[in-house]
Amino acid sequence: MPVSEDVTSDHGQTGSHRTHAPVVDPPVAATSPVDRLSESAIMLRGTLRRQSRTPKYGERVRGRVQMPEPRNDGSREYLRQVVLTSLPLLAADLLLLAFAISMCGLMGLQWLNPADPSSQLIVWYPAVATSFILINCVLGLYPGTRLGAVDEIRRLVTSLTMVALINAVRLRPTSDHFSGRVVFLACAFAIALLAAPVFRSLTRKWASKRTWWGFPTLICGDDAAAFGVHQWLADNRRLGLRSLGVITDPHALEVDRETTDFLGSWSEARSIAERDHAFWAIFVDTSDDGSRIMTRVEENLGNVPHVFVVSKVTGIPDHWNRHEMNEGLAGFQIDQVLQLPIPAMVKRATDLLVAGAAAVMLAPLFLGLSIAIKLTSPGPIFYGHERVGRGNTRFKAWKFRTMVSNADKVIHDYLDKHPELREEWERDHKLKNDPRVTALGKWMRKWSIDELPQVWNVIRGDMSVVGPRPIVEDEIVKYGEHFETFCSVLPGMTGLWQVCGRNDTTYGERVQLDVYYIHHWSPWLDCYLLARTVKTVLFTRGAY
């Protein structure tokens, strides 16, 4: 017989409402375009914009929720774009090293020592080139999209300096060739610094004329400025973003299928992104209300991993400065990198490694707790509760049973005796002093030990070690327009919410923390959260 436990017995919180009938939010009005836009944008200037009010929170959470659907063009097409965009720049960097070494040779400088086999070019050049390429990868120089000239030079200087220092520390001061190699290294470093921007610039100029180079990009916005950004990006292909056209509300700008560079409406953005293999989008927001940006991105561009936002505040290029503004678009970026194949593989491999090691090390504890649960309370050892998983699927999250078998009857009788606690119960479906929890269960909850069986969910692929907290169906309404973002990743055993106070935080703060994690994921963030989890558990912060 299954045990009836509260739906948030793993320290979560639930809502008591279900979703209502879908209501589509009207678009927010756009403001006037900036001056001197492209010719197509000038023709669109002065068109009528629809006026609408900003919906209240209660209306937004009832908005239409689009469920994440895996893109058919996913991993293979994205990796193809990464390789094609990176290869010319990688070849340029290898040629840069060869050029610097050759110039030193023409100057009569020598690194080679016939008596030392390790000084032969075939031995040390591959190591130097490999370190240079790897450092460039870490610094984001491949594929190097949306890198302005100044930022690219800064990263190249950093990379070349690190390679020079690595080789400098390997030099032996007692060697007969020490002084000659120091001079060789210093000259090669100086030549490479001067030549690197030239090699990169020429390579980008050559590659930008090739149709296969760069990432197809959607320009999105309900202002004529979006057409100006489209034209500006077409004139600045060196950034590695290849504009396909504009996504906009056709009623807001009075455009139709015959309008040049018009791709489709907002409702078509997802299908267009998949059809044209667009993994980048630029969202042009010229309104004074920045609160709608995330909503727009999550509702209409949820299957685009990289969304870059430009606005009045960050700067929109136009005819007056688009040719001079070659340092890249100013703005901020919204990423969902876990939609990409390589980050997803890294996270899954980490999950299997951590969960597998934890299962082996915790096996004696599992056995001891299983015996203790059986001896102290009748009923099953484990309890599985249905939770919402990735893609709006359902799975059972496993934990050690912490409640009595007749939990439903106990809580009903308890609330009848203590009506003053009913408001607390109806608000969060939780009580600080829950009569259903056994003495052993209270101890396990305090130290979060009851959730350890979820390592099995991680191994099965239902959960991740770190991620948003798994929710029940009644909580969907509280995520509102962020629900699709929540469903785009696996829920986690621990995460930002768990290390930021757990039940001491409001539900709105919890949603914000989950969304922040999804958009800012990195392996380093996961490592940090795992370390913070240990501290949070040890001090039993917010656990009941």
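At what angle do helix α12 and helix α15 pack? Hold that thought for a moment while we look at what kind of model this is. It is a predicted model, where local features need pLDDT of at least 70, side-chain atom pairs count only at pLDDT 80 or more, and totals for chains, interfaces and linings use all residues. Residues are numbered from 1 along each chain as its sequence is written, and side-chain values use heavy atoms, with hydrogens and water left out. The mean pLDDT (the predictor's confidence in each residue, from 0 to 100) is 79, and 77% of the residues reach 70 or more. Over residues 6–68, though, pLDDT stays under 50.

Now back to the helices (DSSP runs of H or I, at least four residues, numbered from the N terminus, just as strands are E runs of at least two). Helix α12 (residues 363–376) and helix α15 (residues 439–446) pack at about 145 degrees, with axes 9 Å apart. Here axes are lines fitted to C-alpha atoms, for helices over the stretch in contact, and angles run from 0 to 180 degrees between N-to-C directions. Leu369, Ala372, Ile373 and Thr376 of α12 meet Leu440, Trp443 and Met444 of α15; contact means heavy atoms within 4.5 Å.

Met444 turns up again in the largest nonpolar core, which has 30 residues. Such a core is a set of buried Ala, Val, Leu, Ile, Met, Phe, Trp, Tyr and Cys residues joined through side-chain atoms within 4.5 Å. Met444 is among the members touching the most others, and so is Tyr517. Beyond four places in sequence, Tyr517 has contacts that include Lys347, Val466, Pro468 and Leu529.

Next, find the open sheet: its six strands run in the order β3-β2-β1-β4-β5-β6, with mixed pairing. Strands pair if DSSP finds at least two bridges between them. At the edges sit β3 (262–264) and β6 (332–335), each pairing on one side only. Inside the sheet, β1 (residues 215–220) and β2 (residues 241–247) pair in the parallel sense over six bridges, with Pro216 opposite Arg242 in β2. Helix α7 (residues 225–234) packs on the sheet, touching β1, β2, β3 and β4. Helix α10 (residues 292–300) lies across β4, β5 and β6, at about 145 degrees to β4.

Finally, look at Ser86 in helix α3 (residues 74–106). Is Ser86 buried or exposed? Ser86 is buried, with a relative accessible area of 10%; buried means under 20%, exposed over 50%, and partly exposed in between, using a 1.4 Å probe and protein chains only. Not counting residues up to four places away in sequence, Ser86 touches Tyr142 and Pro143.
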